[in-house]
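Have the viewer open as you read.

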Amino acid sequence: MAATSARPGMPESESESAHPELGAPTTGPPKAAPAGRTTASQLAGWALVLGLLVICLLAPKLFIPSFLRTLSAVFMFATLAQAWNIIGGFTGYPSFGNVVFFGLGGYTIAVLMARSHWSFWPALVVAVVLGAAYAMLIGIPTLRLKGHYFAIATLGVAEGTREIVLNVPKVTGGGAGITVPAVGPSATTSYPGNTGFLYYFLALLVVAMLAVYAIARSRFGFALRAINQDEDAAAAAGINTTRMKIAAFMVSGAITAAAGSIYAFQQVSIYPDRLFSVDITVLMVIMAVIGGSGTVIGPLVGGVGLQFLSEYLRQNFTDYHTFIFGAIIIVAVVLLPEGAVRFASETVRQRRLPIMDNLRRYRL
Amino acid sequence: MTAALETRDLSVRFGGLKAVDGISVTVEDGRVLGVIGPNGAGKSTFINLITGQIRPTRGKVLVAGRDLTGAKPWKIAAARVARTFQINKPFRGLSVRDNVAIGAMFGAPGGGSVAKARGVADEVLERLGLSGVAELGPTELSVAHAQRLEVAKALALRPRVLFLDEAMAGLRPAEMEPQLELIRELRREGLAIVVVEHVMRAIRSVCDTVLVMQEGRELLTGPPDEVLADERVITAYLGQRYAERQRAERAEAGGSGPAVADQVGPRPEGETRAPG
Amino acid sequence: MTPFLQATVYGLLQGGLLALVAVGFSLVWGVMNVVNLAHGALAITGAYFSWQLHESLGLDPVLSLVVVLPVMFMVGYVIQRGLINLVVNAPIWMTLLLTFGLEALIVNGLLLAFTGDFRSTRTGYSTNTLALGGVRIPYARLIAFGLSLLLTVALVLFIRNTKMGLAIRATGMDRTAARLMGMNVRHVYAVTFGTATALAAAAGSMIGLVGTFTPVVAGGYTLQSFVIAVLGGLGNMWGALAGGLVLGLATAWGALYLSGTLVNAIAFGILVLVLIVRPSGLLGKPYYEARAEA
């Protein structure tokens with residue numbers, strides 16, 4: 001212990017309080033060298049995105065159907081991670097209940113299509129609007145909370161909402177689930193199939209990426225980052241922190257609801273336990289964080305990387321895959337606390353792997 | 001003429017503690033009010049009450065005659081009241097320029113685009129001699145520059161009332177002078193300024209009026225020289241013992257030299273969470 | 001009237017047990033600001049531990065605590081020392097993710113080892129009940145309740161009266177100061193987590209005694225711990241006891257009057273309500289007023 005404290009050039013943090021984030025919102029560590037070098041890595045990032053986009057557009061001709069489904073899931077989770085990134089990464093409010101918008105979107109689609117015989121597209125619009133509205137509704141009380149309190153309040157809202165959905169079987173089908181009319185005469189919108197859903201999810205991912213890209217450069221994005229780093233100072237600088245936080249939550253909720261809508265249509269039959277699963281929330285968070293929360297590219301990297309990994313594990317280690325995935329989460333959190341994107345740019349900058357820096361950063 | 005800032009009987013209680021109790025001040029345009037007092041006297045809480053971080057339990061806050069009692073901080077900022085924080089609160093992930101640009105983006109009525117705000121930020125940085133560090137992160141700054149950055153962030157709001165909460169803390173004497181000169185310059189431009197300070201030299205050289213607080217209440221208000229020589233202030237600041245000793249020394253010297261010492265007050269590092 | 005009385009008694013007994021599950025969770029949260037999502041999984045590990053001892057050695061679940069408590073303390077100590085200490089200073093979602101990973105690891109490990117079948121530690125007195133004016137109380141429930149109270153009180157005494165307890169409290173209040181006073185914070189944290197783990201495991205043993213369990217229910221216990229900790233106030237052990245009883249009662253009464261699984265929504269309802277109305281808990285001091293001169 002003495003040896004680590006005495007390490008030269010690594011001074012102990014000055015104001016090391018036991019509860020650093022009770023008073024102030026959680027903030028990332030100081031991100032060195034703002035601006036400047038970013039353009040090069042940004043360019044590389046967008047080149048990558050463009051390359052992937054081309055491959056994706058050609059995908060139906062290149063890949064077998066099961067891979068197309070995997071690819072759909074990859075796009076969906078990248079979208080979800082990106083949506084979480086808006087409220088969790090940029091604003092610094094780690095929602096652990098974002099799945100509630102996913103489930104809400106899915107059930108909106110299912111109920112409107114199955115019970116009211118709507119077709120998919122108008123139902124999607126309603127789902128997105130409802131997602132945003134629900135985010136506002138729960139955001140008004142919960143966004144006054146900070147840190148763990150916010151995280152768990154949102155988790156509670158998600159679990160509570162699932163229970164409600166479970167207990168109004170007349171509308172939602174309860175635990176037995178609900179089935180979207182996808183084929184036959186009762187189908188209101190023809191089922192798009194693997195290729196169709198691939199494009200739906202891809203389009204949504206592109207929308208999410210562009211939205212976050214635009215937010216990152218706008219006044220809105222500046223406000224969110226300011227709130228993340230010091231909410232009191234942000235308010236003193238004239239930022240209506242309440243309104244901005246709620247707006248961020250609404251954008252996040254709307255995108256997540258859209259993803260849930262497409263997912264429900266794709267699955268045809270949906271169940272509360274699946275659509276409101278905490279695991280989906282955790283996947284969003286872990287993908288955003290491992291990729292690099294608060295960055296534009298990070299959630300894409302995390303979402304694509306982890307979802308492929310998860311699929312690979314599922315297919316090759318069927319019995320152990322969740323076990324291994326748990327271990328991977330642990331290792332990733334310890335080794336990549338800043339996310340892969342920042343890890344990569346630090347590696348390039350310092351011309352060495354900053355693994356030990358990462359280990360030292362947050363340890364006691 | 002209405003004063004730029006007025007408080008009437010401003011008070012707040014935390015449980016049983018009266019952190020600020022019945023403070024009434026008036027600050028005209030182009031005037032500087034100093035607020036001094038021992039630790040835990042309620043100075044920072046007084047500012048927090050005016051700028052909306054804490055809601056008062058009694059009393060009024062008027063900015064240019066407009067009642068802004070208990071308004072949210074951003075409403076206060078929109079009324080062109082800006083502040084610094086005793087503990088610097090830079091936006092650590094943003095460059096120095098963007099730190100300042102935030103204020104210009106949201107504080108100024110109507111706001112501005114990111115590019116426009118950065119332009120304003122550059123002007124402010126230029127004026128405060130921070131242009132050279134505009135691209136750095138706030139954690140890379142020296143203490144003097146970090147203190148200046150806080151002032152720059154406040155000035156980006158184009159304020160008519162400015163609160164400086166210990167803007168001299170941690171500065172060497174040589175570094176203080178430019179900061180003081182800046183305050184004088186802003187006063188000449190017509191800003192109403194409230195300075196909370198432990199550095200008595202600063203208080204004496206820039207303030208028109210000094211409010212002395214003790215245990216949340218007003219102990220005394222008056223011109224700096226008068227206030228700083230007052231027995232009660234010396235006692236409040238230095239404690240009974242020291243006050244007596246100083247009185248004895250002064251009697252010995254037969255003069256009326258500087259009363260409260262010209263140094264930083266007897267203040268432990270980081271007066272953070274005081275009462276309540 | 002009798003169903004109501006029966007529900008009330010059951011609610012209180014279950015509440016006491018839940019309090020023991022939650023007290024360690026609350027302690028860890030209060031002292032090191034870590035919300036341990038693996039807490040329920042550690043409790044269930046304790047349940048399997050006792051169950052296995054009973055199956056293979058015929059050890060009574062109460063007696064098995066002699067083994068379960070020290071072993072699970074060591075397990076917790078090692079987890080904190082080797083893992084959680086590595087990210088204690090990170091933004092909160094990092095510790096949430098880490099402990100979630102841990103939960104996935106433990107739950108799936110248990111599933112691989114014991115399958116997902118429901119288990120229950122059956123003892124000679126499992127089916128005996130005490131009839132009290134129309135209310136029937138299984139002896140196992142009474143034992144579990146008594147033991148829960150006993151261990152919770154023991155924890156309070158430990159924290160209040162021992163040198164290590166003082167170190168834990170001091171570290172929770174101000175880590176830097178504790179360090180300056182020469183305390184080995186890493187060790188103190190590990191002891192805190194070890195204690196929490198041991199108590200959770202003991203609660204798990206009792207869960208097995210009074211009912212059934214499977215690895216999958218771990219998350220539910222974590223969530224209930226959270227509700228109780230929030231209700232009682234962070235790190236407040238009497239608060240955890242009170243919170244446990246409140247939750248137990250609310251759930252029992254809810255089951256009486258509400259249909260289906262809507263009773264589960266009660267816990268979340270209480271949670272969200274308390275967070276919003278009184279985030280410092282029923283017994284805690286308001287946190288946000290502490291920002292006077294921040």
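What follows looks at one interface and then at a few salt bridges. Please keep in mind that this is a predicted model.

Begin with chain C and chain A. The size of an interface is often given as the accessible area lost when the parts come together. Here, chain C and chain A bury about 5400 Å² between them, with 70% of it on carbon and sulfur atoms. On the chain C side, the residues that lose the most area to chain A are I92(C), W93(C) and L97(C), which together make up 13% of what that side buries. Counted by residues, the contact takes 58 from chain C and 57 from chain A.

What about polar links across this interface? Five residue pairs are in polar contact between chain C and chain A, with both partners at pLDDT 80 or more. The number of salt bridges between the two chains, however, is zero.

Which parts of chain C do the touching? The elements that give two or more residues to the side facing chain A are α1, α4, α6, α7, α8, α9 and α11 of chain C. Of these, α4(C) supplies the largest share, 15 residues. By type, the residues on this side of chain C divide into 37 nonpolar, 16 polar and five charged.

In chain A, the side chains of R162(A) and D273(A) meet in one, at 3.9 Å from N to O. R162(A) sits in helix α7 and D273(A) in helix α13 of chain A, so the pair ties together parts that are 111 residues apart in sequence. R162(A) counts as buried because its relative accessibility is 15%, and the cut-off for buried is under 20%.

R204(B) and D225(B) form a salt bridge at 3.5 Å, N to O. Since R204(B) lies in helix α7 and D225(B) in helix α8 of chain B, this pair ties together parts that are 21 residues apart in sequence. R204(B) is partly exposed, at 26% relative accessible area, while D225(B) counts as exposed at 53%. Returning briefly to chain A, salt bridges that share partners join E159(A), R162(A), E163(A) and D273(A) into one network.

The other chain B example is R188(B) with E181(B), whose closest N and O atoms are 3.4 Å apart. R188(B) counts as exposed, at 61% relative accessibility, and E181(B) is partly exposed, at 32%.

Notes:
Residues are numbered from 1 along each chain as its sequence is written. Chains are lettered from A and ligands numbered from 1 in the order in which they are written. Side-chain values use heavy atoms; hydrogens and water are left out. Contact means heavy atoms within 4.5 Å. Buried area is the accessible area (1.4 Å probe) that two parts lose on being put together, summed over both. A salt bridge is a side-chain nitrogen of Lys or Arg within 4 Å of a carboxyl oxygen of Asp or Glu. A polar contact is a pair of N or O atoms within 3.5 Å; within protein, one must be able to donate a hydrogen and the other to accept it, and residues adjacent in sequence count only if both atoms are side-chain atoms. Helices (H or I, at least four residues) and strands (E, at least two) are DSSP runs, numbered from the N terminus. Ala, Val, Leu, Ile, Met, Phe, Trp, Tyr, Cys and Pro count as nonpolar, Asp, Glu, Lys and Arg as charged, and the others, Gly among them, as polar. Buried means under 20% relative accessible area, exposed over 50%, partly exposed in between (1.4 Å probe, protein chains only).
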